[in-house]
Amino acid sequence: MVFEDLREFIDHLGKTGNLRTMDDEVDPELELTYILSEEERIGKGDAILFNSVKNSQIPAVGNLFSTRERMELILGGSPEDIGLRLQNLIRVPDDTDSMISRGLEMMKELGGVKPKISSSMGSSHRTMEKVDLGRYPICKTWPQDGGNFITLPLVITRDPVTGQRNMGMYRMQVFDNETTGMHWHIHKGGSEYEQNYAERSKLMDVAVVLGSDPLTMFSAVAPLPNGIDEFSFRGIISRKRMELVRGQTVDLVYPRNSEIVLEGYVDPSETRVEGPFGDHTGYYSLEAEFPVFHIKKIIEKDKPLYPTTIVGKLWHEDVIMGKAIERMFLPLVRIQIPEIVDMNTMEEAVFHNMVVVSIKKRYPGHAKKVMFAIWGMGQLMFSKIVLVVDPDINVHDRKQVIWAMSTRIDPSRDVIIIPGTVTDSLDHPASIMNYGSKMGIDATRKDESEGFMRPWPDVLDMKQEIVMEAQAKREKLRP
Ligand SMILES: Cc1cc2nc3c(=O)[nH]c(=O)nc-3n(C[C@H](O)[C@H](O)[C@H](O)COP(=O)(O)O)c2cc1C
């Protein structure tokens, strides 16, 4: 099922017992996000609709993505199956395919790829007389946060060179009722396009959507290569064409089902201090200079909902989204690095700080080849530590991973450090923002092809015939 908009999704959660509604007044300063966080920590991860937020007439809703089951509901299937569907799209027909059946299959899969664009929102939306961010229940999450932050914005931009669209999720600090920060990291799509505007000394149109159907919101987070349109991606997953509308004051399109749209611009010559902000890493991201977003116009749906999330120490809904991304994109990663058997972007390491991959090793140096491939691939380039293990290790079992890491390496031979390379903008220990080092750990078994001249010991394992019989006898021990 594809949810038409955020309201339909919330109604569905209400009907299926996955929504709590809070009518008590809550404070957007620290209190609202704390309640969301506690529901995730000790509750069952229900979404919460806050009907009465202090100083705002507009309800806020959070914990939209906070369970794996809900993520599957949003995606319309398991991330694994969707990953295989995406992989299948680029499969060359083999001898068993008739061209007709393959063509029909492709038509079905690509039916939603091209968005429909119309020129106006229709009567469901109105243009606000005044730009006033103060209307919205925008939260402050942590005591030392530099202010209130929009945490689930869909930021839409367009490359002035190619005309290609981009939609990313980048937090926005409220500076005043008409101005926010624009926290796109230097490696991300929005920042790349901004540089192209800077080179042409042009203002950059930006549209920000607060609230759309949940699949569109997820698509903004998905690590798509630049040049792949998030709206088409959303259309492929849902097999339904996305409905978009042309902006009023910006040369951009945005979802017709938007709850709130902020139209405005970024002047590439302007920056302002943004932060601090309690981040996914569990630390406050430091203050830094970031672009500024000026809002020219606000368009609102009738009775809009404002979506929010809590960003901070583990575990929050970003972990559920991150794991869905890992499972969905693994089949695509395998197209370029087919020797990868499985991959775990570890949530304890905030995903980008440590990735464990098991590989089918075939030749000397193979583990290092995989490390370099990972460091060269999309947002996997942020992986600070890459640990490569053999396929007998389950990469999702921390005990097995640590066993392999500690028993299969000789550190001076198997650990490589690459200085002077890319880091995620959130890599706090790097001496220079966005610039630091990487560590690769090759915990695969070695043999003479890699200069290891001793015999490699066998792994302890019991004979299967013994296991069956002994197990039956052991069962009898039970009273
Ligand atoms: C809740 C949340 C907040 C995020 N905040 C930021 C942010 O402030 N800056 C940033 O660069 N990425 C942020 N991200 C990650 C990006 O949305 C993600 O990397 C996305 O793929 C970027 O899209 P792009 O490659 O099209 O730029 C956030 C993700 C989530 C789930």
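## Basis of the model

Because the model is predicted, local features need pLDDT of at least 70 and side-chain atom pairs count only at pLDDT 80 or more, while totals for chains, interfaces and linings use all residues. Residues are numbered from 1 along each chain as its sequence is written, and side-chain values use heavy atoms, with hydrogens and water left out.

## Domains and their interface

In contact (heavy atoms within 4.5 Å) are 13 residues of domain 1 and twelve residues of domain 2.

Between them, domain 1 and domain 2 bury about 1,000 Å², with 72% of it on carbon and sulfur atoms, where buried area is the accessible area (1.4 Å probe) that two parts lose on being put together, summed over both. Of the area that domain 1 buries against domain 2, H185, H187 and T281 supply 47%, more than any other three residues. The count of salt bridges between the two domains is zero, a salt bridge being a side-chain nitrogen of Lys or Arg within 4 Å of a carboxyl oxygen of Asp or Glu.
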